[in-house]
Amino acid sequence: MNILSIIKKPFSWLSGDIAIDLGTANTLIWLRGKGVIINEPSIVARSVHDEKIFAVGKEAKEMVGKTHKDIETIRPLRDGVIADFNMTDGMLQGFIRKVELNRIARVRMVICVPSGVTDVERRAVKDSGERANAKEVYLIEEPVAAAIGIGLDISRPIGNIIVDIGGGTTEIAVISLNGVATKESIRIAGDEMDDAIVQWFRNEHKLEIGLPTSESIKKNCWLSNADETRNNFCKGKRPSKWNSQYYSSFFR
Ligand SMILES: Nc1ncnc2c1ncn2[C@@H]1O[C@H](COP(=O)(O)OP(=O)(O)OP(=O)(O)O)[C@@H](O)[C@H]1O
Ligand SMILES: [Mg+2]
């Protein structure tokens with residue numbers, strides 16, 4: 001049975017169909033009949049001594065930059081690959097516990113993984129799903145999930161181009177006849193922008209800011225300049241000038 005037939009087939013709520021987007025920045029869990037029930041950062045807070053996990057998701061994100069020497073916060077997926085498999089497994093189990101999957105009789109699971117993962121990591125993610133009470137686990141590539149998610153009919157013999165800018169990777173794929181005809185994955189996405197903002201404050205203002213602050217600047221900058229951005233792009237102007245003006249005014 002292929003992934004598309006699983007997604008399209010009408011399920012009953014009792015079958016407990018679940019879809020997980022295991023992203024480098026955010027993890028989403030969707031449950032048939034309920035919709036998206038988890039949308040939280042892919043972050044783990046753990047003991048530095050024995051790797052015991054204290055919190056995952058939004059609780060762990062709240063601890064970023066506020067931990068003492070015995071606790072550290074990490075992102076187990078980075079740059080589109082699984083950087084720390086044990087922690088990825090721990091995080092997945094933590095999220096699944098929040099969903100109380102053990103109360104569902106027969107769980108069928110689709111997990112969307114970054115395309116940079118190796119075969120060994122794919123196998124490990126599948127095992128992780130099975131350990132979490134799933135009877136059937138299928139993996140799906142991010143651009144295919146994105147295409148289905150926005151309602152494209154990817155079964156037709158035409159090229160659908162998907163550009164998915166995530167936290168760790170930007171995936172560009174041409175999808176046709178239910179498959180990926182060609183794809184490219186580059187390790188430049190939201191995280192890289194956050195790092196660039198931190199770097200800019202360090203170089204231009206001799207000011208140290210944390211990643212949560214730079215991420216919030218990035219999001220607010222984009223929103224508050226949305227009209228100007230559109231106009232500049234339409235006129236073919238580079239956005240760097242207004243960006244630096246905005247950042248300068250941010251701490252004035
Ligand atoms: N309004 C916004 N403006 C700019 N960037 C945003 C906005 N909202 C979210 N982002 C950025 O999008 C990125 C997260 O995107 P997404 O949740 O799709 O990533 P992901 O699926 O976890 O990552 P990946 O696909 O690389 O594994 C983060 O870098 C976040 O800062
Ligand atoms: Mg993604």
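Which residues does Gly167 touch, not counting residues up to four places away in sequence? The points below take up that question and then the rest of this predicted model.

1. Gly167. This glycine touches Gly23, Thr24, Ala25, Ala189, Gly190 and Asp191, with residues up to four places away in sequence left out of the count. Gly167 sits in the loop between E11 and E12. The residue counts as buried because 23 other C-beta atoms lie within 10 Å, where the cut-off for burial is 20 or more. From Gly167 to Ala189 the C-alpha distance is 5.4 Å, although 22 residues separate them in sequence.

2. Ligand 1. The shell around ligand 1 holds 18 residues, and Gly23, Thr24, Ala25, Gly166 and Gly190 come nearest. Two elements give two or more residues to this shell: helix H6 (190-205) and helix H7 (211-224). H7 supplies the largest share, four residues. By type, the shell divides into nine polar, five charged and four nonpolar residues. Domain 1 (14-154) and domain 2 (190-250) each contribute at least three residues to the shell.

3. Chain as a whole. The protein chain contains nine helices and 13 strands. Of its 252 residues, 28% are buried. Among contacts with a separation of 6 or more, 51% join residues 24 or more positions apart.

4. Helix H5. This helix covers residues 142-149, and its buried residues are Glu142, Pro143, Val144, Ala145 and Ala147. A charged residue, Glu142, is therefore in the buried set. After H5 comes Gly151, with a positive phi near 85°.

5. The E5-E4-E6 sheet. Three strands form an open sheet in this order, with antiparallel pairing. Strand E5 (53-56) and strand E6 (71-74) are at the edges; each has a single partner strand, so one side of each is left without a neighbour in the sheet. On average, neighbouring strands are turned by 20° against each other, direction ignored. Helix H3 (residues 85-99) packs on the sheet and touches E4, E5 and E6, its direction making about 60° with that of E5. Within the sheet, strand E4 (residues 44-47) and E6 run antiparallel and are joined by four bridges. In one of the pairings, Val44 has Ile74 in E6 as its bridge partner.

6. Most residues other than glycine have a negative phi. Glu51 has a positive phi of about 65° although it is not a glycine. Glu51 lies in the loop between E4 and E5 and counts as partly exposed, because it has 14 C-beta neighbours inside 10 Å. Asn178, likewise not a glycine, has a positive phi of about 65°. Asn178 is in the loop between E12 and E13. With 16 C-beta neighbours inside 10 Å, Asn178 is also classed as partly exposed, since that class falls between the limits of 12 or fewer for exposed and 20 or more for buried.

Notes
Residues are numbered from 1 along each chain as its sequence is written. Chains are lettered from A and ligands numbered from 1 in the order in which they are written. This is a predicted model: local features need pLDDT of at least 70, side-chain atom pairs count only at pLDDT 80 or more; totals for chains, interfaces and linings use all residues. A residue is near a molecule or strand if its C-beta atom, placed from the backbone, lies within 6 Å of it. Domain bounds come from an automatic or database domain assignment. Two residues are in contact if their C-beta atoms, placed from the backbone, lie within 7 Å. Two strands pair if DSSP finds at least two bridges between them. Axes are lines fitted to C-alpha atoms, for helices over the stretch in contact, and angles run from 0 to 180 degrees between N-to-C directions.
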